[in-house]
Amino acid sequence: AWVVLNTEGFSRTLSGTLTGREASAFVGGGVSVECGGREPAGIFYALTHEITHAYDYTAGITPYVEPEWHELLAGAPPWPEPRWEVWRGYRTPRPEHDFAARKKLSFYGLGGGPKLKAAEAAAVYDALSASPFVSLYGSQNWAEDAAEMMVYSATRRLLGSSCRVKYNDPSGLTASFEPGEAASARAEALYLRLSGE
């Protein structure tokens with residue numbers, strides 16, 4: 001497996017890299033990420049995330065990383081659609097883990113650009129905090145979920161705490177998001193399984 005990394009990750013902080021990703025989901029941004037203290041360069045995020053995908057391709061964390069790749073190798077779509085943890089399909093979580101804003105997620109200008117307004121951030125992150133996902137990015141499909149869980153656990157080990165997403169609540173005050181207990185427990189379990197701790 002090959003991993004291609006953007007060299008911008010060497011000149012940005014982890015906070016800056018995660019802010020770029022998170023803000024790209026909202027029209028006009030309005031969202032930031034703070035990792036605090038002595039944080040690594042943004043390449044830490046890219047390397048951890050992409051290496052998890054590479055491991056998933058070669059050793060298999062999830063049923064498959066990309067449907068197109070599975071179809072190319074198998075000659076047909078998987079049938080029946082496999083399940084993995086909280087997912088009933090590649091892009092479809094079990095109904096009790098889904099939330100409305102998930103269908104409007106778009107990052108880095110892909111898929112026609114952002115579809116969420118900054119004013120929706122509080123509701124979006126409230127829904128995310130009740131879900132088993134550590135990030136909006138990870139809620140897109142099971143491959144991104146696995147990669148984001150590893151980033152979350154590795155970051156907590158490195159910094160001693162998780163990064164916080166900052167946004168304005170409906171009253172205009174600054175609020176923050178950290179993953180809920182279910183999401184943290186899933187991430188920790190995956191990290192321990194893959195790291196052999």
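Predicted model: local features only at pLDDT ≥ 70, side-chain atom pairs only at ≥ 80, totals over all residues.
Helix α1 spans residues 14–23. Seven of its 10 residues are buried, so the helix is largely enclosed by the rest of the structure. The buried positions are L14, S15, T17, L18, R21, E22 and A23. An α-helix has 3.6 residues a turn, so residues three or four places apart point the same way. The elements against which the buried residues of α1 pack include both strands and helices. The strands are β1 (26–27), β2 (32–34) and β4 (164–168). The helices are α2 (43–59), α4 (121–129) and α5 (142–159).

Two of the buried residues of α1, R21 and E22, also take part in a network of salt bridges that includes E148. Side chains of opposite charge can pair when their charged atoms come close. In the model, the count of salt bridges comes to 11.

Among these pairs, R12 bridges to E8, with 3.3 Å between the closest N and O atoms. Both partners are partly exposed: the relative accessible area is 39% for R12 and 41% for E8. A further salt bridge joins D98 to K103, where the closest N and O atoms lie 3.1 Å apart. Here D98 is partly exposed, at a relative accessible area of 27%, whereas K103 is exposed, at 60%; K103 passes the limit for exposed residues because its value is over 50%.

E120 and K104 form another salt bridge, with a separation of 3.1 Å between the closest N and O atoms. E120 is located in the loop between β3 (116–117) and α4, and K104 in the loop between α3 (67–74) and β3, so this pair ties together parts that are 16 residues apart in sequence. Both residues are partly exposed, E120 with a relative accessible area of 24% and K104 with 31%.

Helix α4 contains Y125. At 1% relative accessibility, Y125 counts as buried, because the limit for buried residues is under 20%. Leaving aside residues up to four places away in sequence, Y125 touches E22, F26, V31, L136, V165, Y167 and F177.

Key
Residues numbered from 1 in each chain as written. Heavy atoms only, no water. Buried < 20%, exposed > 50% of the residue type's maximum accessible area, 1.4 Å probe, protein only. Helix = DSSP H or I, 4+ residues; strand = E, 2+ residues; numbered from the N terminus. Contact = heavy atoms within 4.5 Å. Salt bridge = Lys/Arg side-chain N within 4 Å of Asp/Glu carboxyl O.
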